[in-house]
Amino acid sequence: MQGNAVDLQGNAVDLNTPGDPAPGTDTSGDGADSGVPIAPTQTSWSAKKGVPGAFAVSGGGFGHGVGMSQYGARGMAEQGADHEEILTHYYTGAELRDEKSKRNADIRVQLLGGIDSTNVYAHGGGVRATVTTDGKKKTVSASADALTLDIVRGDRVRVWTSGSSNVVADAGTEVTLDWDGTLGVPGSTGGSNGTYRYGTMGVSVIDGSLNLVNTLRLNTEYLYGIAEVPASWPAEALSAQAIAARTYAYRNMSALKDDCACHVYDEVKSQVFTGAAQAGQSSWRNAVDATYTPGDTGGVASAQVLVHDGTYIDAVYSSASGGVTNDSADVWGGEVPYLVPVEDPTVAGSISGNPNEQWDVEISQADMADAFSISEVVGLSFTLAENGVMAKTVTATDADGNSTSLGGEEFRAALGLKSANLISVGGA
């Protein structure tokens, strides 16, 4: 996130690391084994003389900090909480419901977009492309060789192999891929090489670029491929993650997004989906299976989701809070009754294994000045949101005494910080 291949800014992250990582800065996170939130220690600093060459910024947590804290959920599970206790703690006033709607629905997941061409590879069998050309369906197959997909005439998908002639789809039609075994798609899962076992693949042209979408069963195929937390975590933490992921997906099933003809993306813009790699983790599959009831004749009879006032919640989550979760209004604007700050004591200390309880980074003068769009920075200060953890406003002062301010999330985004939960600012 979604947490959470790459992050929203395209930086590489570990697919087995809990969601919504921020752009890469320091990842060591040598947090104290305190078990309590780390209070801010220096909220204001100014250079005694001259212009500093760099700044030291310390903070805690990883991600936007709204909703479920994944490391906090792990800590709760280690202390014996079940998945319902975890979820209702982080989503205030929400409740679990056994939902029959969408129980056997298909979901469309974008794997690639904004590219001119790609190859797909079948492992353990062949791959076939069904192409509508001149109004008639034609199948192009590949076994050992790659199936190549590109664009011709600006708006048509072309399919070919090294041993076949080109087959060009009619304008506005989607090419359908099916396969035996697994299908390798270079560049999917946010820039890595994803491998997929379930469903079919749709290939189309959107705004002059190739668009690849995996269509598969949400509950018994898609959720198996969600790779937001390590499969080695306690079962109740995994089940909490599965329900949050399902609820997030259900809420996004109402309509296809125009830019991808999909319901969700395969990376932290939605939630990290790696396909077969994660689906092979038996502990994760078992945790997903524990959150739905199988049908008498196959499929799913009902599945657990989170609701508030009878509707699916926006089940956002991130890797780790700063000891108290953040208010959605402070992060994105707009009050959401179930996304309000709650204490998150189990995110800290050895029980959670959180590597980002506290982090420290050094930021150059040039980067800091660029973040605030001023020529030079000689002083920094920040104010806190009502939860006492997140920076509400960060202010930079130049040598002439002029001040410029950014919101906490703006400051985080501008400098690629792990979170907007600041502990101190100063000179490096």
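Trainee: What makes the charged end of Arg285 count as sitting over the ring of Tyr224?

Mentor: In this predicted model, the charged end of Arg285 is 3.9 Å from the centre of the Tyr224 ring. The cut-off is 6 Å, together with an angle within 35 degrees of the ring normal, so the charge is said to sit over the ring. The charged end of Lys418 likewise sits over the ring of Phe62, 5.3 Å from its centre.

Trainee: How many aromatic pairs does a search of the whole structure find?

Mentor: The search finds 6.

Trainee: Why is the pair of Trp45 and Phe55 called edge-to-face?

Mentor: The ring centres of Trp45 and Phe55 are 6.1 Å apart, within the 6.5 Å limit, and the planes stand at 90 degrees, over the 60 required, so the pair is edge-to-face. Trp45 belongs to strand 1 and Phe55 to strand 2, so the pair ties together parts 10 residues apart in sequence.

Trainee: How do you know whether Phe55 is buried or exposed?

Mentor: Phe55 has a relative accessible area of 0%; buried means under 20%, so Phe55 is buried.

Trainee: Which residues form one aromatic cluster with Tyr196?

Mentor: Tyr222 and Phe273 form the cluster with Tyr196.

Terms used: Residues are numbered from 1 along each chain as its sequence is written. This is a predicted model: local features need pLDDT of at least 70, side-chain atom pairs count only at pLDDT 80 or more; totals for chains, interfaces and linings use all residues. Side-chain values use heavy atoms; hydrogens and water are left out. Rings of Phe, Tyr and Trp (its six-membered ring) pair if their centres lie within 6.5 Å; planes under 30 degrees apart count as stacked, over 60 as edge-to-face and the rest as tilted. Helices (H or I, at least four residues) and strands (E, at least two) are DSSP runs, numbered from the N terminus. Buried means under 20% relative accessible area, exposed over 50%, partly exposed in between (1.4 Å probe, protein chains only).
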